[in-house]
Amino acid sequence: MSIRISNDPFFDRVGKGIENTFMRSAVSGAQDRLEGRKAASTAELGTWEDWRDHAEEIRQHTLDNLDFYLQQFAENAAAQGGHVFFAETKEEANEYIQSVIQRKEAKKVVKAKSMVTEEIGMNEAIRDIGCEVIESDLGEWILQLDDHDPPSHIVVPALHKNKEQIRETFREKRAYDKSSDPQELGRFAREQLRQDFLSADVGITGCNFAVAESGSVSLVTNEGNARMVTALPKTQISVMGMERIVPTWEELDVLVSMLCRSAVGQKLTSYVTGLTPSEAADEHAPEEFHIVIVDNGRSKILGTKYQSALQCIRCAACINVCPVYRHVGGHSYGSIYPGPIGAVLTPLLEGYENNKELPFASSLCAACTDACPVKIPLHELLIEHRKDIVEHEGGSGFGEKLAMQGFAYAASHPKIFQLGGKSAGPVVDKLGSKEGGGPGPMKLWTQIRTLPSQKGDRFRDWFEERERRNRRGNDS
Amino acid sequence: MGTIHNQDAFLANIADRLGRDRRMKGVERPVWKQQPQHDVFAGASPAELQEILIRQCDAIHTSVDTTEMADLPDVLAAALERFGSSPAVYWSDDRFADFGVDQVMDSLDESKAWTDENREEMTRFAERAKIGVTFSDITLAESGTVVLFSAPGKGRAVSLLPEVHIALIPRSTIVPRMTQAAAEIHRRRKENGTVPSCVNFISGPSNSADIEMRLIVGVHGPISAHYIIIEDA
């Protein structure tokens with residue numbers, strides 16, 4: 001896989017998403033649950049806005065001095081025996097990883113969940129040299145068994161699958177003969193994966209945050225698979241996006257706290273692990289520790305109006321509040337990074353060519369910006385993208401074109417058309433009063449969504465009211 | 001000594017994009033405008049922190065015993081019994097003797113203290129073990145977390161591979177939250193120049209919500225976690 005997960009046109013992806021009723025109810029259920037937990041765990045702190053300010057300041061300071069902190073990190077890691085490889089492109093990153101695997105004559109690699117390795121298409125590169133690569137995160141393992149179905153959420157990758165489908169996959173691929181009870185499915189995965197952990201030659205992880213002062217890599221998980229991957233194989237490779245770094249352990253504390261609460265509403269996840277290269281082969285330290293620092297288009301974002309997008313800590317809080325994601329699901333974005341942050345980041349990393357619909361896949365309700373623990377002004381960046389795209393397309397016709405495509409799609413898909421019809425009245429009223437709302441691109445989304453009123457209601461108030469209305473609607 | 005590849009071109013490009021010369025030294029962290037992390041449970045007494053910890057354990061599916069020093073051997077023996085006793089694996093760590101529980105471990109049908117000499121054999125034993133027993137180095141009240149610093153004899157597998165993880169927590173190790181543990185690691189780095197090769201923050205058993213968002217306990221690591229708080233201070 002690379003950053004792109006589908007070659008279907010945008011509206012076909014959206015159409016598939018909207019017609020997938022199970023996926024839509026799974027997504028809305030997950031959003032409600034994750035957002036509810038986040039709200040509770042942040043409210044409990046009482047000073048959440050101060051935490052956000054602090055986290056933002058840390059991220060901004062680090063990005064402004066990124067060359068300094070990366071050098072400090074590399075020197076500290078190498079001084080303790082680590083091997084640091086700076087990769088400008090995904091090809092460079094993959095070639096280095098291949099070379100380590102070949103030198104170790106490794107036959108089996110076991111992996112913990114990592115977005116950046118998806119982004120660079122690392123698994124394919126490893127398979128190309130005849131080495132097996134096994135995903136160990138439960139969700140990722142399920143997707144891998146199911147013929148590499150792409151992830152649909154960055155924290156809960158197999159969100160779009162129900163337990164019956166998972167049971168069927170296990171049965172077909174691994175002769176599973178038990179029930180679809182999640183506990184039983186989980187226990188089966190445990191038995192299957194234990195053997196892989198114990199027999200793998202190389203373990204590969206991502207990196208939630210590197211710590212410059214000590215050359216350490218930190219990993220945040222609930223399952224403990226990242227611990228398995230780094231405690232058992234003799235060679236460890238950690239792949240990190242170049243912006244995922246903090247100055248010291250003191251800032252690590254703040255960002256890990258923000259990540260856990262924002263992603264899953266936990267104070268800390270079950271495991272937060274800090275790993276530092278070590279020359280003394282004490283206890284279970286891997287004999288070789290490689291760290292691959294990946295640019296892959298990130299440096300082009302530095303110094304531009306989009307720089308704040310690099311503050312992202314991949315918590316998915318913006319995804320969990322997004323009304324558009326709620327209705328179209330992760331696969332519609334066509335990128336491993338879905339939701340608002342995906343709509344901002346994917347065009348930056350990959351260019352506009354295949355992604356120019358993404359910045360329009362937003363109602364600009366700003367719930368994402370409110371939810372972001374590091375205060376990325378997501379909806380403002382989406383507006384910037386729209387401006388750039390319109391300029392790039394040489395005029396203002398793009399929005400119109402997009403809307404026409406959307407209308408054509410909806411008109412030929414009765415289910416979507418019906419959905420659109422139901423909300424058309426109130427939407428037209430609202431859009432009519434919205435300043436500069438551009439009926440063009442908005443129209444597509446509002447055919448299936450109502451928009452929050454622009455009269456100054458808070459998003460959450462609107463959302464709760466809408467949920468109440470929906471419930472009442474269902475009861476009657 | 002390790003190696004560094006392609007650093008200069010990579011970092012020069014970053015500096016270029018940021019529109020300035022490369023910064024190789026002299027960058028200091030600013031005086032942060034906000035640091036709300038220091039206010040969490042500031043001034044709480046050891047007994048209060050213990051209460052907060054116990055409350056949080058309920059949320060993370062972790063059972064807790066509390067005991068005076070003198071009763072620790074009996075309490076540990078009873079806990080081991082409850083979770084199936086043996087095989088058990090534990091750290092080679094002076095605290096087992098200092099707290100008078102080395103004999104409890106020794107007297108089990110089948111138990112081993114971790115040694116670094118024979119990694120493969122120890123890993124196989126830990127994989128087969130029912131219970132792993134460790135001592136918390138720092139304990140975080142807010143999140144119900146035991147912090148384990150790796151060191152010779154303190155194998156990472158002990159808290160990871162067995163079905164049950166029992167962590168012994170001297171009350172004197174309890175601090176409000178991750179902030180205090182991070183400050184301690186930062187201090188060690190400044191004073192000794194190194195940090196432990198592995199620092200594990202562990203909060204309860206392994207779990208997953210990857211199937212229909214339902215809680216599954218023990219997907220990769222322990223299925224059960226049990227803490228014994230020792231009222232040593």
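So, contacts in chain A: of those with a separation of 6 or more, 77% are between residues 24 or more positions apart. Two residues are in contact here if their C-beta atoms, placed from the backbone, lie within 7 Å.

Quick note on the source. This is a predicted model, where local features need pLDDT of at least 70, side-chain atom pairs count only at pLDDT 80 or more, and totals for chains, interfaces and linings use all residues. Residues are numbered from 1 along each chain as its sequence is written, with chains lettered from A in the order in which they are written.

Okay, burial. Chain A has 476 residues, and 59% of them count as buried, meaning 20 or more other C-beta atoms lie within 10 Å of a residue's own.

Now the core. The largest nonpolar core has 200 residues; that's a set of buried Ala, Val, Leu, Ile, Met, Phe, Trp, Tyr and Cys residues joined through C-beta atoms within 7 Å. Helix α12 of chain A, residues 249-264, gives the most to this core, with 10 residues. Helices are DSSP runs of H or I, at least four residues, and strands are runs of E, at least two, numbered from the N terminus. Domain 1 (10-46 + 305-475) and domain 2 (65-294) of chain A both contribute residues, so the core lies between them; those bounds come from an automatic or database domain assignment.

The contact takes 82 residues from chain A and 73 from chain B, and helix α4 of chain A gives the most to chain A's side, with 9 residues.

Technical notes:
Buried ≥ 20, exposed ≤ 12 C-beta atoms within 10 Å, placed from the backbone.
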